[in-house]
Amino acid sequence: MGILLDKGPIYIEKIPGGTILMSTADTFINWARKSSIWPLTFGLACCAIEMMATYASKHDLDRFGIIPRPTPRQADLMIIAGTVTKKMAPRIELLYHQMPEPRFVISMGSCSNSGGPYYDAYSVCKGVDKVIPVDVYVPGCPPRPEALISAVLALQKKIEGYSMLAAAKKKAEPAAT
Amino acid sequence: MTAAEILSTIQAKYPGLQEIPKVLGQARGDELYLSVSAAELHALCQFVRFDPGLSFDYLSFVTSVDWKTHFEVVYYLVSTLHKHKLVLKVKVEDRTNPEVPTISTVWPTADWQEREIYDMMGIKFKGHYNLRRILLPDDWEGFPLRKDYAPKPDRYD
């Protein structure tokens, strides 16, 4: 959890009265970002019950810095917990676009991965990735809290690999050509 | 009241009404089943609701069945006062423009259930004050619980 335990280009030097710690901006920003993933508070179906159990004291997602936010303006992560109906899909799209960047999506459970048991239903979206991009898929019906925690850890690993400079370069490239 | 007593009370006012007999082996309770035409449904409901001997004060549910050749709307009535039950079945022959009078004026609980039947099976309830889709999006095409419903793939499929 601590910055010292994470891998990264870190230089530590002891000086009288303290320590000097040097690192790259990416390492520091990614560490801050992955340690305070704030998800949007919303659940769609029974997976939401498992999600709530994961938030609660027994599994305690709070120890990863995960605190549910009631508004998309303050959220970094969207956990799609449950069946995405065709009526709900445009609303999910809207909520996703209301979130500030960088934003992440965890698709939790068979329903939001692919439609799951409702694949043949007339009213269910065949996977939330038809509507918004997904970072981590969690299989299960519903997934256990441990599976959701593992998805959060996978997302943290993904965030660790981000580079602001590379992202800025990528953004500038199409404009230059 | 027993089923026979309910039948005789109703038939005293509506002599043409026929009981639907229980077929041997059919999974169904011992309550009285009546076949009602759409034309006399509203008056009959008004009668069984307010007749002191019958007093069906509670509409347990409204549902509909697609028998491929025709639709059927089913009303399950309960009297909390006399502890007896009654089932009304209305046959709707017209598949292209099925229509049944609303009974939400007799039992207000029928309001949303009739809307759901309209949403899923497309049976119109004449006289309903707010007959529009309740579960599906407003711009949905077709009625998905009909047996001949063919889903149209959209961008979510």
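B:Leu136 sits in the segment after β7 (124-126) of chain B. The model is predicted. Is B:Leu136 buried or exposed? Its relative accessible area is 6%, so B:Leu136 counts as buried, the cut-off being under 20%. Neighbours within four places in sequence aside, B:Leu136 is in contact with A:Lys87, A:Tyr122, A:Ser123, B:Asp119, B:Met120 and B:Pro144. B:Thr109 lies 27 residues from B:Leu136 in sequence, and the C-alpha to C-alpha separation is 20 Å.

Next, the sheet of chain B. Five strands form an open sheet in the order β1-β2-β5-β4-β3, with mixed pairing. Which strands stand at the edges? They are β1 (18-19) and β3 (58-66) of chain B; each has a single partner strand, so one side of each lacks a neighbour in the sheet. β1(B) pairs with β2 (residues 32-36) of chain B in the antiparallel sense, over two bridges. B:Gln18 is opposite B:Ser35 of β2(B).

| Helix | Strands crossed | Angle |

In chain A, helix α2 (residues 47-55) packs against helix α5 (residues 145-160) at an angle of about 70°, with axes 9 Å apart. That makes α2(A) roughly perpendicular to α5(A). α2(A) contributes A:Glu50, A:Met51, A:Ala53 and A:Thr54 to the contact, and α5(A) contributes A:Pro145, A:Leu148 and A:Ile149. By class, the contact has five nonpolar, one polar and one charged residues.

Notes. Residues numbered from 1 in each chain as written. Chains lettered and ligands numbered in written order. Predicted model: local features only at pLDDT ≥ 70, side-chain atom pairs only at ≥ 80, totals over all residues. Heavy atoms only, no water. Axes fitted to C-alpha atoms, helices over the stretch in contact; angles between N-to-C directions. Helix = DSSP H or I, 4+ residues; strand = E, 2+ residues; numbered from the N terminus. Parallel < 35°, antiparallel > 145°, perpendicular 65-115°, else oblique. Contact = heavy atoms within 4.5 Å. Nonpolar A, V, L, I, M, F, W, Y, C, P; charged D, E, K, R; others polar. Buried < 20%, exposed > 50% of the residue type's maximum accessible area, 1.4 Å probe, protein only. Pairing = 2+ DSSP bridges.
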